[in-house]
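My notes are below, in the order I looked things up.

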Amino acid sequence: MTVTAAVPEGWEPGAFKARVDQVLHRFAAEEADQLTAIDSSLGPVADAVETAVADGKRLRAAFCYWGWRAAGQPDSDALVRAAASMELVHAAAVVHDDLIDDSPLRHGRPTAHLALREAVREHPEPALAARSLAMLAGDLLMSMAGQLFVTSGLPAAYLGRARPLWAALARELVAGECLEILHTGAAAPDTAVSLKVVRYKTAKYTVEQPLLIGALLGGAGERLRAGCSAYGLPLGEAFQLRDDLLGLFGDPALTGKDGSDDVRGHRPTALLAETWRLAGEEDRARLRTLLVPDYEACTAGTADAVRDVMRRLKAPDRIEAMITARVEEALRALDELDLPGPAATALTALAHSAAVRRS
């Protein structure tokens, strides 16, 4: 296991992101080369794999890294490689999620299932074929995540500590995505249901599980593991609640996403559920008219009308309050852990950057 010398104790997000980017870009390029070596026609799929890891905040890798450091371990290049595998899980989830939601944009670029249409323009059903290719690219990214993790350079005994949590991560991520599909288009959106979707689809694999995996790799005891969950779950929920707000009220130039996605898909977000809870009969009737299960019928004007209802009912304020409460809960849990200074500082900064952002 390689330990980097003279690593600064302060949290430098940009420097850490650069380390993770280097690992991911090199690993994805190697995978792309092996794919195209099979047949040159696989080039567009290889490109989709590389594009999927091209951008990102690298928050999941950061939480994994600081779980390791919270357990008292030193900086390690092997650990950074293992942490980078969390970003491949995310890349796979994003490709699949965009496919399920039929989202047109991600990071300001066409999503994989749209970008791949050019490769199958002569196929009898190009749109369906492109979606199939995107699904397979997402599957490959998940396989790559496991491969990067086990070849990270960490001792096998360390990796074995985290193996059961890897299985739980995959299971719960799939469960969350399934729950969202099962509750999309519900006649009466429910906040409790929406928060369960938030927890399993995003919160756990974004913060809690990467943090726990890092801590387990580092040999964390029961108290630290419990503290990771007490910090990670509310913070992960705050992260997704912020995402829901940005999805409808953020600047698409900064988010890189289509601002009407959640309305077009009638997704069971907590923002919509709180809007429904606060609405009277007149506003509920209005929402029923606007939230039709027809992508073609949803225009920019439809999304604007839904935003107007939400603002008037102060639903965004309710979500802001939920975000604040969860961040405060996470920070209280962090304070109780009495972590090494660098880990405490970094995890405090990450809590704010995850929940207070514009993209």
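**Ground rules.** I'm working on a predicted model, where local features need pLDDT of at least 70, side-chain atom pairs count only at pLDDT 80 or more, and totals for chains, interfaces and linings use all residues. Residues are numbered from 1 along each chain as its sequence is written, and side-chain values use heavy atoms, with hydrogens and water left out.

**Rings.** I paired rings of Phe, Tyr and Trp (its six-membered ring) when their centres lie within 6.5 Å; planes under 30 degrees apart are stacked, over 60 edge-to-face, and the rest tilted. That rule gave me 5 aromatic pairs. I looked at F63 and Y231 to begin with: their ring centres are 6.4 Å apart and their planes sit at 65 degrees, so I noted them as edge-to-face. F63 belongs to helix α3 (residues 59–70) and Y231 to helix α9 (residues 222–249), so this pair ties together parts 168 residues apart in sequence. Helices here are DSSP runs (H or I, at least four residues), numbered from the N terminus. Are F63 and Y231 buried or exposed? Both are buried, meaning under 20% relative accessible area, with exposed being over 50% and partly exposed in between (1.4 Å probe, protein chains only).

Then I checked F149 and W166. Their ring centres are 5.1 Å apart and the planes are at 55 degrees, so the pair is tilted. F149 is in helix α6 (residues 126–150) and W166 in helix α7 (residues 156–183), so parts 17 residues apart in sequence are tied together. Both F149 and W166 are buried. I also wrote down one aromatic cluster, formed by F16, Y65 and W66.

**Charges over rings.** My test was NZ of Lys or CZ of Arg within 6 Å of the ring centre and within 35 degrees of the ring normal. R161 has its charged end over the ring of Y158, 4.3 Å from the centre. R357 lies over the face of F239, 4.0 Å from the ring centre.

**E172.** I found E172 in helix α7. Its relative accessibility is 19%, so it counts as buried. What does E172 contact, leaving aside its neighbours within four places in sequence? I got Y200, K204 and Q209, with contact meaning heavy atoms within 4.5 Å.

**Helix α2.** In α2 (residues 43–52), I listed G43, V45, A46, A48 and V49 as buried. Their cover includes α1 (13–38) and α6.

**How α1 packs.** Axes are lines fitted to C-alpha atoms, for helices over the stretch in contact, with angles from 0 to 180 degrees between N-to-C directions. α1 and α6 pack at about 120 degrees with axes 12 Å apart. They are therefore oblique to each other; under 35 degrees would be roughly parallel, over 145 roughly antiparallel, 65 to 115 roughly perpendicular, and the rest is oblique. On the α1 side, V23, L24, F27, A28, E31 and L35 make the contact, and on the α6 side L140, M144, Q147 and L148.

The axes of α1 and helix α4 (residues 77–101) come within 9 Å and cross at roughly 70 degrees, so I put them down as roughly perpendicular. Contact residues include F16, R19 and V20 of α1 and D77, V80 and R81 of α4.

**Helix α12.** For α12 (residues 270–278), 7 of the 9 residues are buried, so the helix is largely enclosed by the rest of the structure. Among the buried ones I noted L271, E274 and W276.

Note on methods:
Helices (H or I, at least four residues) and strands (E, at least two) are DSSP runs, numbered from the N terminus.
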